[in-house]
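Visitor: I'd like to learn how to read a few features of a protein model. Could you walk me through this one?

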Amino acid sequence: MRLEVTYTNNIGERLHGLAAEFRAVREQLLDQAGNQLEQALDRSITASGLRDIHGKVRSWQETKKGSGGGYVALRPRAGETGPNSPGAITNYLESGHKVRFPSGRAKRYRPEVHMARARAFKFYADTQPVAEEVAREMAQSVERHLAAYLEG
């Protein structure tokens with residue numbers, strides 16, 4: 001018994017090229033999504049109330065693409081480590097941090113510190129709804145591109 005499958009309208013060739021088309025479309029759309037998210041994060045940093053007059057904190061944030069090209073993320077600039085690195089300072093600003101109280105050993109010392117934690121600015125958390133919307137739009141766009149590719 002012999003079974004032979006023939007495709008009409010070159011659908012077989014299109015199916016074989018579908019993976020390459022998907023990778024190309026995904027890479028292009030992830031670049032666009034990264035740019036949109038970076039702009040949204042910059043707006044969120046500005047709106048959070050953080051006094052970043054010279055844009056130092058905003059300049060530390062950058063997009064990072066996955067090695068396989070499957071995702072894009074916003075992260076503080078890499079390369080430096082320690083308690084004063086861009087990643088550490090961004091984390092302190094995003095989530096707040098404990099404030100060290102004075103020891104209380106001096107008799108007439110009145111502490112200036114009146115809070116247990118520094119304020120959290122939550123600019124990454126405020127960007128999360130934008131990221132979800134961008135991901136939804138990207139998925140729909142990939143769907144449309146691949147459908148158009150298969151239809152010819």
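Visitor: Which residue meets Lys65 in a salt bridge?

Guide: In this predicted model, Lys65 pairs with Asp31, with N to O at 3.2 Å. Lys65 belongs to strand β1 (residues 61-65) and Asp31 to helix α1, so the bridge ties together parts 34 residues apart in sequence. Lys65 is partly exposed at 30% relative accessibility, and Asp31 is partly exposed at 36%.

Visitor: How many salt bridges does the whole structure hold?

Guide: A search finds four. Among them is Asp52 with Arg58, whose closest N and O atoms are 3.9 Å apart. Here Asp52 is buried at 11% relative accessibility, while Arg58 is partly exposed at 25%. Another joins Glu80 and Arg77 at 3.3 Å, N to O.

Visitor: How do I read an aromatic pair?

Guide: Two aromatic rings are described by the distance of their centres and the angle of their planes. This structure holds one such pair. The rings of Phe123 and Tyr124 have centres 5.7 Å apart and planes at 40°, so the pair is tilted. Phe123 is buried, at 0% relative accessibility; Tyr124 is partly exposed, at 22%.

Visitor: And what should I look for in a helix, say α4?

Guide: In an α-helix, residues three or four places apart point the same way, because there are 3.6 residues a turn. The buried residues of α4 include Val134, Met138, Ser141 and Val142. Among the elements covering the buried residues of α4 are α1 (11-47) and α3 (86-95).

Visitor: Where is the kink in α4 centred?

Guide: On Pro129, with a bend of about 30°. Just after α4, Gly152 has a positive phi of about 95°.

Terms used: Residues are numbered from 1 along each chain as its sequence is written. This is a predicted model: local features need pLDDT of at least 70, side-chain atom pairs count only at pLDDT 80 or more; totals for chains, interfaces and linings use all residues. Side-chain values use heavy atoms; hydrogens and water are left out. The bend at a residue is the angle between axes fitted to the seven residues ending there and the seven starting there. Helices (H or I, at least four residues) and strands (E, at least two) are DSSP runs, numbered from the N terminus. Buried means under 20% relative accessible area, exposed over 50%, partly exposed in between (1.4 Å probe, protein chains only). Contact means heavy atoms within 4.5 Å. Rings of Phe, Tyr and Trp (its six-membered ring) pair if their centres lie within 6.5 Å; planes under 30 degrees apart count as stacked, over 60 as edge-to-face and the rest as tilted. A salt bridge is a side-chain nitrogen of Lys or Arg within 4 Å of a carboxyl oxygen of Asp or Glu.
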